[in-house]
Amino acid sequence: MKAYGTASRPRTDAARPSRPEESGLLDRVSAKDVHAFEELYRIYQPRLARFLSNLVQRPQVVEEVLDDTMMAVWQTAGSFRGASKPSTWIFAIAYRKALKARARWPDPLPEPVVDSRASDEPAPDDGLHHQRLHEALLAAMAGLSADHRAVVDLTYFHGLGYREIAEVMGCPVDTVKTRMFHARRRLKEALGGRLEDWI
């Protein structure tokens, strides 16, 4: 078993601006600069959509929570003091909004899942193999609790460390580590040990 935090993490779809650039955008948003807000929205919309889809699991609610999150960013950008990364601050808002939405809309009953695990046969190329691993991981994550999904998603898809995740979720770092331990165990059971490079 790999030590925590040493697993390779997939790259996100787009390069992210550095922290100073995002901090600058938040400064401008706090001054009600609409263009800065639009730029920040473009940066975070795909990242938040992925995170919230795993957490809320209702497409119609994901959009609502994402909009609520960005509205909160617009309204409270002036309260960001730079004590954490802008991404940590924004994901923490999204996490709290998602918890409220989940209280109103509990997880839907899971639909029967067609076996989407990666085949034992070698894939024609690395790209296709990586895509199969990605799809298998997402399918297996659907069986986790919301908190476990959030920890896995923030770690493997958004590259956050345990300390940042603890800040997002408002819990101790040890709680994050415990949730990751149980999530990894459940994922390995669900995937039959096929995703060692991920988990």
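Mentor: Happy to. Let's start with one side chain: Arg-185 has a relative accessible area of 39%, so Arg-185 is partly exposed. Keep in mind as we go that this is a predicted model.

Trainee: Which residue does Arg-185 pair with in a salt bridge?

Mentor: The partner is Glu-189, and the closest N and O atoms of the two are 3.5 Å apart. Both residues sit in helix 8, separated by four residues, which is about one turn of the helix. Glu-189 has a relative accessible area of 53%, and therefore counts as exposed.

Trainee: How many salt bridges does the structure hold?

Mentor: There are five salt bridges. Another of them joins the side chains of Arg-179 and Asp-147, at 3.5 Å from N to O. This pair ties together distant parts of the chain, since Arg-179 belongs to helix 8 (residues 173-191) and Asp-147 to helix 6, 32 residues apart.

Trainee: Is Arg-179 buried or exposed?

Mentor: Compare its value with the cut-off: buried means under 20% relative accessible area. Arg-179 has 18% relative accessibility, so Arg-179 counts as buried.

Trainee: Let me try one with you. What is the N to O distance in the salt bridge between Arg-28 and Asp-33?

Mentor: For those two side chains the distance is 3.2 Å. Arg-28 is partly exposed at a relative accessible area of 37%, and Asp-33 is also counted as partly exposed, at 23%.

Trainee: Can we step back to the whole chain? How many helices and strands are there?

Mentor: The protein has eight helices and zero strands. Following the sequence, the pattern reads α-α-α-α-α-α-α-α. Of the 199 residues, 42% are buried. Look also at contacts between residues at least 6 apart in sequence: 69% of these join residues at least 24 apart.

Trainee: Now for helix packing. What describes two packed helices?

Mentor: Take helix 2 (residues 34-56) and helix 6 (residues 146-156), whose axes come within 8 Å and cross at roughly 155°. Because angles over 145 degrees count as roughly antiparallel, helix 2 is roughly antiparallel to helix 6. Their crossing is right-handed.

Trainee: Which residues make that contact?

Mentor: From helix 2 they are Arg-50, Phe-51, Asn-54 and Leu-55, and from helix 6 they are Ala-146, Arg-149, Ala-150, Asp-153 and Leu-154. By type, the contact of helix 2 with helix 6 has five nonpolar residues, one polar and three charged.

Trainee: And how do helix 4 and helix 7 cross, and at what angle?

Mentor: The axes of helix 4 (residues 86-104) and helix 7 (residues 162-169) cross at roughly 40° and come within 7 Å. That angle makes helix 4 oblique to helix 7. Helix 4 passes helix 7 in a right-handed crossing. On the helix 4 side, look for Thr-88, Phe-91, Ala-92 and Tyr-95; they meet Glu-164, Glu-167, Val-168 and Met-169 in helix 7. The residues of this contact divide into five nonpolar, one polar and two charged.

Trainee: One last stop, the backbone. What is the phi of Lys-32?

Mentor: Lys-32 has a positive phi of about 65°, although it is not a glycine. You will find Lys-32 in the loop between helix 1 (19-30) and helix 2. At 42% relative accessibility, Lys-32 is partly exposed.

How values were computed
Residues numbered from 1 in each chain as written. Predicted model: local features only at pLDDT ≥ 70, side-chain atom pairs only at ≥ 80, totals over all residues. Heavy atoms only, no water. Axes fitted to C-alpha atoms, helices over the stretch in contact; angles between N-to-C directions. Helix = DSSP H or I, 4+ residues; strand = E, 2+ residues; numbered from the N terminus. Parallel < 35°, antiparallel > 145°, perpendicular 65-115°, else oblique. Left-handed = near helix turned anticlockwise from the far one by under 90°. Contact = heavy atoms within 4.5 Å. Nonpolar A, V, L, I, M, F, W, Y, C, P; charged D, E, K, R; others polar. Salt bridge = Lys/Arg side-chain N within 4 Å of Asp/Glu carboxyl O. Buried < 20%, exposed > 50% of the residue type's maximum accessible area, 1.4 Å probe, protein only.
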